[in-house]
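Q: I would like to learn how to read the features of a folded chain, one after another. Could we go through them together, with the general idea ahead of each case?

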Amino acid sequence: MVVVNQEPRVLDLLHPEPVRRIDLERTKLAINLAFAGGGSGGLFSEELGRATLASSSWEPAGFANDLFLQRFVGDCFQIRIGGREATLNTAHLVRLLSQPPADPNVVSFRRAILDELTRSPELRRELEQLYVSVGRVRGLLENASGGRNWDPVRRQLDILIGLREVFNRMASGFAGARSGLSRLAEFGREVQASEPYRALADLLHYDANLATLSVNLAVGADGRIRGFEIAGVRENSGNPFVSPVWKRWLGKLELFVRGFRFGDAEVMARLVDAVFSGIDAEATVLVQLVGDLEFYLGSLGFRDRAAAAGLAVCLPELVGPDEPRRLLGLFNPLLLMSGVTPVPCDLVSERFATTVLVTGPNSGGKTRLLQSLGLAQVLAQAGSFVPARSGSIALTAGLVVSLIEEVRADQGEGRLGMELMRIRSLFERLPPGAMVLLDELCSGTNPSEGEEIFELVVAMLTRLRPQAFITTHFLAFAARLEREKKLRDLGFLQVELGADRRPTYQFTPGVARTSLAGHAAERLGVTGDQLLALIERNVQRWQAAPNART
């Protein structure tokens, strides 16, 4: 049998103009080797790891570690179908989120698919079942033995059955889709109309229905079968793979005379190989599709995780940098990972292109606010849900986050030197219009010198018109900047305190008057009385020890 195999249509659910992001020939070779039984565990993950991404101006090194992005994806982007949790390619999802597309049309395309999936539970179920079907094919390809003695031809037939199910589900399950999901239906119908698919369907029909037997059973009074006889045999003569009996015997006789020795199983194996070679390019498309499906189903999993905690996510309105900022019900998803229910807050400002100084007490939520803003920007830029009930976001040219102060054994500078290097690194990688999130700027030096450097940094930042949020405990300095109004586009937020002078984890305009260090010290057990009690306890314990010195 000769099956014509043409390069398949590009099936891409992430870009408005379809892009083939994997190497077709290399992946097709790997798929064929896996089908033949060589075993190729990790085939899909390896090819997705090499897949190209949309052009991006973001540098993951500037924010991914500080936002714990890999852990966020692993814990919050989960796919649970039928009570079972799927194992996602976390590395590929992290790449998608940390290198978001520079083209806003790509972002809008992805948002339209997620919007349709949230509005149509039926389409979501179809997408989930398609993911399960593709996963079944993937499992058969990547595990040649299945952990048991398995007829290799039977395994290959099961792969073909799985492929037929995938293509049929594409064609029928997404016929009514209006977003980019409609590409699944188009691809499925195109495959169904091809000659290789018809050969696939005929072979599987032949495998499942070579002939029909009519059987007469004799059943006794106790319900047990006493005997049976075959009343008739009707072959499926309409299938092109079924030959008349005389022709099959004649073919075997001819092969015997010529000296060939192979049985029916070998003939079936050759037919299976021939059919798969006609549809291997379409099978290769599934590798890229897995990554796309995990992006959308993982995003929906994040939405489900938030809803289970009583929180809401949204696809925010995308606006320009001079439009008002509005994020209502903003929460920190990293807290969900720690088993803590976040306290949402509302964040509203006149425009995005400003530098905002955030002041307030320790443990008042300032650092958590920066993490929330950073993750919201990452998710919005990638075209996914953001951790807020509603709001608007302006896309940026980059993101730079500095929240974690790492001390290295080989560092050649003290705290001030490391802080200056941190500032230098910020300006080396900061494009105009980027988002900047800095925690405790210039906290590594004395206030007088720190304030001078701080003011220089803020003044230089305004030249780049960033979306900047900077936390600080230089309260008098921040109050002076607010009072003097010398720096343009400079805003101020403070942690709101309740009637008991405890943080409410909300933020209001202005500069905090105190860091409430005493409250933090009392909460952590570092007041004078608490320390004195520890000293007395240690003295008594030492004196009571058997070998205590006098």
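A: Let us begin with Thr27, which is buried, because its relative accessible area is 0%, where buried means under 20% relative accessible area, exposed over 50% and partly exposed in between (1.4 Å probe, protein chains only). Please keep in mind that this is a predicted model, in which local features need pLDDT of at least 70 and side-chain atom pairs count only at pLDDT 80 or more, while totals for chains, interfaces and linings use all residues. Residues are numbered from 1 along each chain as its sequence is written, and side-chain values use heavy atoms, with hydrogens and water left out.

Q: Where is the place of Thr27, and what does Thr27 touch?
A: Thr27 belongs to helix α1, residues 24–36; helices (H or I, at least four residues) and strands (E, at least two) are DSSP runs, numbered from the N terminus. Contact means heavy atoms within 4.5 Å, and, leaving aside residues up to four places away in sequence, Thr27 touches Ile22, Glu47, Thr284 and Val287. The C-alpha atoms of Thr27 and Glu47 are separated by 7.0 Å, although these residues are 20 apart along the chain.

Q: How do the axes of α1 and helix α2 cross?
A: Axes are lines fitted to C-alpha atoms, for helices over the stretch in contact, and angles run from 0 to 180 degrees between N-to-C directions. Here the axes of α1 and α2 (residues 43–50) come within 11 Å and cross at roughly 175 degrees. That makes α1 roughly antiparallel to α2, since angles under 35 degrees count as roughly parallel, over 145 as roughly antiparallel, 65 to 115 as roughly perpendicular and the rest as oblique. On the α1 side the contact is made by Arg26, Thr27, Ala30, Ile31 and Ala34, and on the α2 side by Leu43, Phe44, Glu47 and Arg50.

Q: How many residues has the largest nonpolar core?
A: A nonpolar core is a set of buried Ala, Val, Leu, Ile, Met, Phe, Trp, Tyr and Cys residues joined through side-chain atoms within 4.5 Å. The largest one has 114 residues, and Phe72, Leu160, Leu163, Met170, Leu184 and Leu289 are those with the most contacts inside it. Helix α11 (residues 264–308) gives the most to this core, with 19 residues. A second, separate core of 25 residues includes Val436, Leu441, Phe477 and Val511.

Q: How many aromatic pairs does a search of the whole structure find?
A: Rings of Phe, Tyr and Trp (its six-membered ring) pair if their centres lie within 6.5 Å; planes under 30 degrees apart count as stacked, over 60 as edge-to-face and the rest as tilted. The search finds nine such pairs. In one of them, the rings of Phe72 and Phe302 have centres 5.5 Å apart and planes at 80 degrees, so the pair is edge-to-face. Phe72 lies in helix α3 (residues 69–76) and Phe302 in helix α11, so this pair ties together parts that are 230 residues apart in sequence.

Q: In which strand is Tyr505 found, and what is its phi?
A: Tyr505 is found in strand β14, residues 503–509, and has a positive phi of about 65 degrees although it is not a glycine. Tyr505 counts as partly exposed because its relative accessibility is 38%.
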